[in-house]
Every structure is written in C-alpha cells, then in structure tokens.
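Me: I am new to this structure. Please take me through it in short steps.

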Amino acid sequence: MEKITVIGSGTMGNGIAHLLAQYGYQVALTDINQQALDKAIQTITANFDRQIKKGTADETGKRKALSNITTFTDLQQAVAGAQLVIEAATEHSEIKLGLFKKISDYCADDTILASNTSSISITRIASVTKNPGNVIGMHFMNPVPVMKLVEVIRGYATTDAVTSTIIQLAEKLDRVAVEANDYPGFIANRILMPMINEAIYTLYEGVAGVHEIDTVMKLGIAHPMGPLQLADFIGLDVCLAILNVLHAGFGNPKYAPCPLLVNMVTAGQKGIKSGQGFYTYTQGSKDLVVAPKFTN
C-alpha cells in the first residue's frame with residue numbers, strides 16, 4: 001500500500017493524515033476548499049512541533065512527513081491511484097453516503113474504502129458502492145497521533161481479506177486494532193455516549209454542577225477527563241449525532257439525548273470548537289472555566 005487518500009481535513013482527517021505521513025505513506029488529503037487544507041497543514045505542523053518538544057519526533061521526521069502529504073480540492077484527482085481511501089468527513093449519514101457513491105465510481109474496483117465514522121452503519125454506507133465487500137470502518141480516536149486504538153468495523157459484506165489488510169495497516173501504524181461488528185455505536189460509542197448523556201442529565205436535573213460531576217468521575221472512577229469536559233472535546237454536535245444514531249438504531253429511550261444537550265447544540269454551543277460548551281475556552285489558556293450558564 002503506497003498511496004492513501006484521506007477525505008476531510010478537520011480534526012480527525014488531519015490527524016489521520018499526520019499519522020499516515022509520519023509512518024511513511026504517501027497521503028492525498030482532500031477537502032472542499034484550499035483554505036481548510038491550508039489550516040490542516042498548519043495544524044499538522046504545530047502538532048509535530050509538540051511531538052518534537054516531547055521528544056517523540058524530530059525535525060527531520062517532521063519535514064519528511066510533511067513532504068508525504070499532498071493536498072487536493074478535486075475529489076476525483078485525490079482518489080486516483082489510491083489503494084485505500086479513508087473518509088473522515090462530517091458525522092452525517094447523507095454526506096457520507098454521497099461521498100461513498102462518488103468515490104466508488106472514481107476508484108478502481110479493488111480499492112478499499114474505509115470510513116472513520118464513529119456510529120453510522122458500515123453496511124448502509126457499503127450499500128451505495130459498487131463493491132460492498134471492500135468497505136470497512138476504520139474508527140481512529142482523537143487525538144489521532146496520540147491515541148493507540150483503532151476500531152475496525154466489519155460491514156455485513158466486508159471480506160476477510162479487507163479486514164485483515166486494515167488490521168495489518170493499523171499494526172504498522174503502531175496502533176491496536178479491535179474488531180467490532182456493525183451495530184449502532186460499535187463498541188466505544190455504544191458505551192461512552194450513554195455515560196456522557198447520563199452526566200448531562202445529572203447536570204440538567206440539578207444533582208450536581210459541571211465541576212462536581214467531572215471531579216467525581218476523574219478522582220472516583222479514575223477517568224483522565226470528566227465526561228462533560230470530554231463531551232466538549234469531542235464536540236457536543238458530534239455527541240448529539242451519535243446519540244441520535246443509537247436512539248434510532250435501537251429504539252430504546254435510554255439513548256434519547258438529554259434536552260439540555262439538544263438546546264446547547266441548537267444554540268451553537270458545541271464545546272471547544274465553538275469556544276463554549278460546559279466550559280468556556282479562551283485561546284491560549286489551559287484553565288478550565290465553567291461556562292457562565294452553569295455557575296451559581
């Protein structure tokens with residue numbers, strides 16, 4: 001496998017491109033406009049600089065990795081000649097289905113098509129392609145260059161050969177691949193999102209405040225980050241989208257998103273990406289300040 005295309009240059013897309021380039025793969029990074037791609041390269045460069053400060057990378061490795069990344073705004077050009085395409089676009093099913101239909105038409109019949117989706121059915125995505133057996137889920141964790149886990153999700157038609165290839169790739173990237181079957185939320189988010197949702201309900205119902213909820217989970221349950229801070233980090237809009245997939249997929253009211261989460265996303269408060277969620281985020285500051293809405 002020599003050329004890998006990554007679709008989407010946001011947080012997950014630029015992280016996946018960073019990781020692949022660092023391990024020597026030729027990466028075609030594509031997005032709808034050059035401004036987004038330029039921002040992605042700036043982010044990748046800054047993340048390499050952090051790695052250099054920590055001693056996990058060096059300047060030579062950084063330059064070589066950056067030279068492995070080529071940016072494209074034309075999707076057909078970006079996927080030409082790729083052995084693997086990894087989609088990391090917005091977590092909305094219609095966008096993903098449209099993309100997979102296009103790339104299936106653009107790519108060779110033996111190209112593996114992977115989605116970084118955190119909850120959307122791989123079987124459904126595969127259904128719009130020419131070769132459903134070549135479609136698989138490759139769910140990286142955020143931040144990609146740091147987190148060791150990759151969920152590998154088999155769709156109903158995904159072949160053993162494709163699954164084996166993706167697991168081997170994850171291992172070459174020094175990641176741990178965990179195989180999951182194609183049910184809503186897979187493993188990570190089927191367990192994580194109800195916990196985050198329950199933490200939001202705990203706030204919504206006045207049981208405790210933001211700081212108290214996160215402190216209990218960090219000091220009492222040994223989580224490195226409290227669930228409300230983690231929700232901000234993931235993106236409240238992403239959390240809502242995943243909960244909606246779980247709720248629709250299982251029809252169980254326990255997956256229904258908390259009304260507080262719905263209202264916050266509707267109001268544009270999406271966590272770190274918008275500057276405010278359960279906490280307020282000031283550029284350059286590492287201090288966690290509870291958002292005014294939730295202070296006594």
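Reply: Start with a term: two strands pair if DSSP finds at least two bridges between them. In this predicted model, Leu 113 stands opposite Val 135 in strand 6.

Me: How many bridges join strand 5 to strand 6?
Reply: Strand 5 covers residues 112-115. Strand 5 and strand 6 run parallel. The bridges that join them number three.

Me: In which sense do strand 6 and strand 7 pair, parallel or antiparallel?
Reply: Strand 7 spans residues 149-154. Strand 6 and strand 7 are linked over five bridges, and the sense is antiparallel.

Me: Why is strand 6 largely enclosed by the rest of the structure?
Reply: Take the two faces in turn. Val 135, Gly 137 and His 139 lie on one side, and they are buried. Ile 136, Met 138 and Phe 140 lie on the other, also buried. Strand 6 (residues 135-140) is largely enclosed because its buried residues number six of the six.

Me: What is the volume of the largest cavity?
Reply: The structure holds one cavity of 30 Å³ or more. Its lining includes Leu 113, along with Ile 103 and Cys 107. The volume of the largest cavity is about 40 Å³.

Me: How many residues in the lining of the largest cavity are charged?
Reply: Among the lining residues are Asp 109 and Lys 130. Asp and Lys count as charged. The lining divides into four nonpolar and three polar residues, and the charged ones number two.

Me: Which residues lie nearest the centre of the second largest pocket?
Reply: This pocket has a volume of about 190 Å³. Its lining has six nonpolar, four polar and three charged residues. The lining counts 13 residues, and those nearest the centre are Ser 93, Ser 119, Ile 120, Ser 121 and Val 245.

Me: Are the rings of Tyr 201 and Tyr 204 stacked or edge-to-face?
Reply: A search of the whole structure finds three aromatic pairs. Tyr 201 and Tyr 204 form an aromatic pair with 6.0 Å centre to centre and 70° between the planes. Planes over 60 degrees apart count as edge-to-face, so this pair is edge-to-face.

Me: What separates Tyr 201 and Tyr 204 along helix 8?
Reply: Helix 8 covers residues 188-204. Tyr 201 and Tyr 204 are three residues apart in helix 8, so the separation is about one helical turn.

Me: Is Lys 62 buried or exposed?
Reply: Lys 62 is found in helix 3 (residues 59-67). Its relative accessible area is 10%. Buried means under 20%, so Lys 62 is buried.

Me: How is Tyr 204 classed, by relative accessibility?
Reply: Tyr 204 has 45% relative accessibility.

Me: What separation do the C-alpha atoms of Lys 62 and Arg 175 have?
Reply: Lys 62 and Arg 175 are 113 residues apart along the chain. Their C-alpha atoms are separated by 20 Å.

Me: What percentage of residues 185-281 is helix?
Reply: UniProt, in an unreviewed entry, places "domain: 3-hydroxyacyl-CoA dehydrogenase C-terminal" at residues 185-281. The end C-alpha atoms of this span lie 28 Å apart.

Key
Residues numbered from 1 in each chain as written. Predicted model: local features only at pLDDT ≥ 70, side-chain atom pairs only at ≥ 80, totals over all residues. Heavy atoms only, no water. 1 Å grid on protein atoms, 1.4 Å probe; cavity = no way out; pocket = protein on both sides within 12 Å on 5 of 7 lines; lining within 4 Å. Points joined across faces, edges and corners; volume = space filled by probe spheres on them. Phe/Tyr/Trp six-rings, centres within 6.5 Å; stacked < 30°, edge-to-face > 60°. Helix = DSSP H or I, 4+ residues; strand = E, 2+ residues; numbered from the N terminus. Buried < 20%, exposed > 50% of the residue type's maximum accessible area, 1.4 Å probe, protein only. UniProt positions renumbered as here; feature names shortened; annotations may be inferred.
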